[in-house]
Amino acid sequence: MELTIELQDGSTRTVPAGTPVGDVLGENGDHLAATVDNLVVSFHYRLLRSAKVIPLKYGSREGTEVYRRTLSFILSAAASKIFTKSHVVIGHSLEGGYYFDLEGEEELDGIKLKRLEEKMRELIKSDLELSRHYVSVKEAMGMFAELGRQDKVTLLKRNYLHDIAVYGLDGFYDFPVGPLAPRTGRLSRFAVSLYPPGFVLRFPDKKNIAKMPPASDQTRLFAVYHESKKWSQILHIANVGELNETIAKRKFPDCVHVAEALHEKKIASIADQLSARIHETRLVFIAGPSSSGKTTFAKRLGVQLRVNGIRPVAIGMDDYFVDRDRTPKDDRGEYDFEALDALNVELFNDHLVQLLDGREVTCPRYDFKSGLSLPDGHTLKLEDDQVLIVEGIHGLNDRLTPRIPRNKKF
């Protein structure tokens with residue numbers, strides 16, 4: 001059976017059914033993967049119908065994801081040679097890269113990290129093929145059991161009912177969550193840096209592969225991630241496989257209760273901190289993206305504040321939108337209500353200053369139907385036992401409150 005394949009430049013090729021994507025695109029060191037009718041696939045993917053095939057390079061969103069995923073795979077393969085009594089575990093995004101932990105009997109130091117980097121560069125310089133083949137779940141479980149990867153065995157036990165694609169490199173095997181680049185030689189740009197107790201694999205600039213962004217200090221963010229990991233250990237859910245086991249054994253409701261208790265304990269701690277600073281700090285800002293739970297969090301914090309004898313008062317950022325004709329627009333020409341310039345920052349700061357001075361203000365009321373800010377909102381005044389809670393995506397943005405001293409904000 002012959003297939004008609006449309007290429008990125010609009011030209012077409014006729015190939016037999018079952019032809020790998022890599023054979024259609026040919027050798028190009030910049031190509032990391034491809035899309036087949038918008039589906040991201042590896043060069044091993046066999047074409048079974050006529051389609052449009054577009055190569056993916058670094059700089060595109062999908063191409064950059066393939067680069068990062070493949071580089072992480074190469075790191076794990078290199079680590080399997082360097083650390084014989086431990087294995088690396090990918091954690092979370094950090095410093096323009098991914099944070100990794102070393103789990104096992106060995107400890108990480110600068111010398112071992114240097115050996116890891118050298119092994120990665122050796123694998124990349126050798127331009128080795130990242131092989132892929134399908135195996136049954138039973139075969140895969142046996143393979144990972146021999147490698148001492150019980151986390152993979154546990155995941156496979158509940159998560160797959162069909163053959164799976166296993167990638168291999170220099171005797172190392174894994175099943176990543178998406179396609180990898182065809183060869184190691186296409187991933188030359190990276191950096192690794194010690195970040196105790198683990199390390200960070202850093203990636204090139206998202207748009208310019210020749211540029212490595214400078215490392216940044218994200219101590220506070222890392223502390224949050226570290227605490228999240230501690231909570232996972234308390235819940236005995238360190239990975240997806242353990243989560244599946246918990247659900248299968250019908251123990252998940254207990255985990256929900258413990259997680260809720262941990263969250264409530266944290267909120268109570270925040271309320272205690274606020275209580276200790278009530279005479280100095282009267283403004284509480286809660287930030288987060290849309291639908292992240294800001295309002296729910298604010299209500300739960302309010303309950304804990306009341307326990308401490310503090311009455312919370314909420315102010316809605318939505319009522320401080322500018323009139324519709326002054327609302328900025330995004331790249332698609334649509335109103336961008338998430339932009340800071342969509343808010344009347346000057347009026348908002350005027351009201352905050354007056355409230356902190358003990359004066360009464362009349363908040364505006366934004367009419368979404370007419371797109372107008374109306375001056376007939378509710379009146380507000382802060383009493384001695386009250387704090388003002390403000391929630392919004394710009395809560396941690398100093399440009400939102402330029403006239404408020406930092407020590408007045410929590």
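Helix α6 comprises 17 residues, 219-235, and spans 24 Å between its first and last C-alpha atoms, close to the 24 Å expected at 1.5 Å a residue. The structure described here is a predicted model.

The largest nonpolar core contains 36 residues. Within this core, the residues with the most contacts are L71, L75, L116, M120, F199 and L201. Two or more residues each are contributed by the helices α2 (61-82) and α3 (110-125) and by the strands β7 (97-104), β9 (164-169) and β12 (198-202). Helix α2 provides the largest share, ten residues.

The surroundings of L201 were examined beyond its neighbours within four places in sequence. On this basis L201 is in contact with L71, S72 and L75, with G97, Y98 and F100, with M120, and with F190, A191 and V192. Another core lies apart from the largest one and has 23 residues, including L343, C363, L382 and L388.

Residue S291 is located in the loop that runs between β13 (283-286) and α9 (294-307). S291 is classed as exposed because its relative accessibility, 82%, is over the 50% cut-off. Along the chain, S291 and D367 are 76 residues apart, and their C-alpha atoms are separated by 21 Å.

Note on methods:
Residues are numbered from 1 along each chain as its sequence is written. This is a predicted model: local features need pLDDT of at least 70, side-chain atom pairs count only at pLDDT 80 or more; totals for chains, interfaces and linings use all residues. Side-chain values use heavy atoms; hydrogens and water are left out. Helices (H or I, at least four residues) and strands (E, at least two) are DSSP runs, numbered from the N terminus. Buried means under 20% relative accessible area, exposed over 50%, partly exposed in between (1.4 Å probe, protein chains only). A nonpolar core is a set of buried Ala, Val, Leu, Ile, Met, Phe, Trp, Tyr and Cys residues joined through side-chain atoms within 4.5 Å. Contact means heavy atoms within 4.5 Å. The expected span of a helix is 1.5 Å times one less than its number of residues.
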